[in-house]
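Dear colleague,

I am passing on the structure below for your files.

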Amino acid sequence: MPKTILFDSYKLGSLTIKNRVVMAPMTRNRSPNNVPDHLVAEYYGQRAEAGLIITEGTSPSANGLGYARIPGLFNEEHVKAWHAVTNKVHAGKSHIFVQLMHCGRASHPDNLPAKAKIIAPSAIALGQDIWTDTKGNQPAPVPEAMSEKDIEDTIHEFVKSAELAVKSGFDGVEIHGANGYLVDQFLNTASNQRTDRWGGTIENRARFPIEIARQMAKKIGPEKVGIRLSPYGAFNSTQPDAEMDRLYEYLAKELNKLGIVYIHVVDHSSMGAPAVPDSVKKVIRENFKGTYILSGGYDKEKAEADLEAKRGDIVAFGRPFISNPRLVSKMLEDAPLTPADQTTFYTPGPKGFTDYPVN
Ligand SMILES: Cc1cc2nc3c(=O)[nH]c(=O)nc-3n(C[C@H](O)[C@H](O)[C@H](O)COP(=O)(O)O)c2cc1C
């Protein structure tokens, strides 16, 4: 089998990753009390053939823990637990970024520790149910609109968490700016109706992610900071607006100035979401000189074609990695892929998590 571009090594900032296959961030809800247990380390260790692993969404603060059993990264217990994960991945000669996801209004009090609060740019409810282990699906409540101090504190939490990520052995941090979580709640007009410097114009709505990226890059180095974005996404009640191409053009330009290592662009049309126009993907590609990560509905052939056409530099695979720990070998050998069992995507325990065949 001739080795093709997907299996070439790639220079990602100061790292050399062994191939252009990225494991996409996927929430798996296997962290009781928000602490990743040994199964989580085993799971990522099994997938260390990937050039780069991006972890499941991980909260930088108590307020951001909107879903049941998602991991956090804001105290020493978390650092210790994540260290076991990064050790396993590095032992497999892979690299790993942690995705920092603050759920914002996509949350329910039963999923939060005592004293944590549900905050968002504006007091507009998600309009959807959230799973709780206590009462099943429950409507997401109206969030508290963030004060100027809440915003500053939250930016600080992201930066602090990035420092803890480095301490945990992570090679970098991905800011989750996609899919309708807190950062995207600032970007999107459906969830941000503020009239201060954090809402309204494109520049104001983009201020939150840019400030996080700027302060993080200053603290841990721009080559350790990436961001995920989902222009024209519909997940978590986000909506497109007439200025969307211009918003992402502005963001790409500003993030380029900061010199962060990558932008990771989500296209969930393969999951039934609206198509993401080529125009916005082009705008990001043209204005951001760092690495562009493609994602959404990729198989080997589509990945090769998009890499050859220079639409992106490396390619993230999500669902195929759940059920094929050795996805890279399988693609290299053109072996058939095991389908993923959706019923165990978010359930606790090893079933559908660490028990897929590893050879
Ligand atoms: C079970 C599951 C959990 C996911 N959790 C996250 C997440 O925590 N953060 C994120 O940015 N995307 C998340 N996604 C989206 C994936 O990263 C990816 O974009 C999506 O699955 C499309 O890629 P695929 O067609 O290769 O699966 C999740 C997807 C799945 C299937």
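Lysine 135 counts as exposed, at 52% relative accessibility, whereas aspartate 110 counts as partly exposed, at 31% (buried means under 20% relative accessible area, exposed over 50%, partly exposed in between, with a 1.4 Å probe and protein chains only). This is a predicted model, in which local features need pLDDT of at least 70 and side-chain atom pairs count only at pLDDT 80 or more, while totals for chains, interfaces and linings use all residues. Residues are numbered from 1 along each chain as its sequence is written, and side-chain values use heavy atoms, with hydrogens and water left out.

The side chains of lysine 135 and aspartate 110 form a salt bridge at 2.7 Å, N to O (a side-chain nitrogen of Lys or Arg within 4 Å of a carboxyl oxygen of Asp or Glu). Lysine 135 sits in the loop between strand S7 (129-132) and strand S8 (136-139), and aspartate 110 in the loop between strand S5 (95-100) and strand S6 (119-120), so the pair ties together parts that are 25 residues apart in sequence. Helices (H or I, at least four residues) and strands (E, at least two) are DSSP runs, numbered from the N terminus.

A second salt bridge, at 4.0 Å, N to O, joins arginine 205 and aspartate 241; arginine 205 belongs to helix H5 (residues 202-205) and aspartate 241 to the loop between strand S11 (225-229) and helix H7 (244-258), 36 residues apart. Arginine 205 counts as buried, at 0% relative accessibility.

The search of the whole structure finds 21 salt bridges.

Best regards
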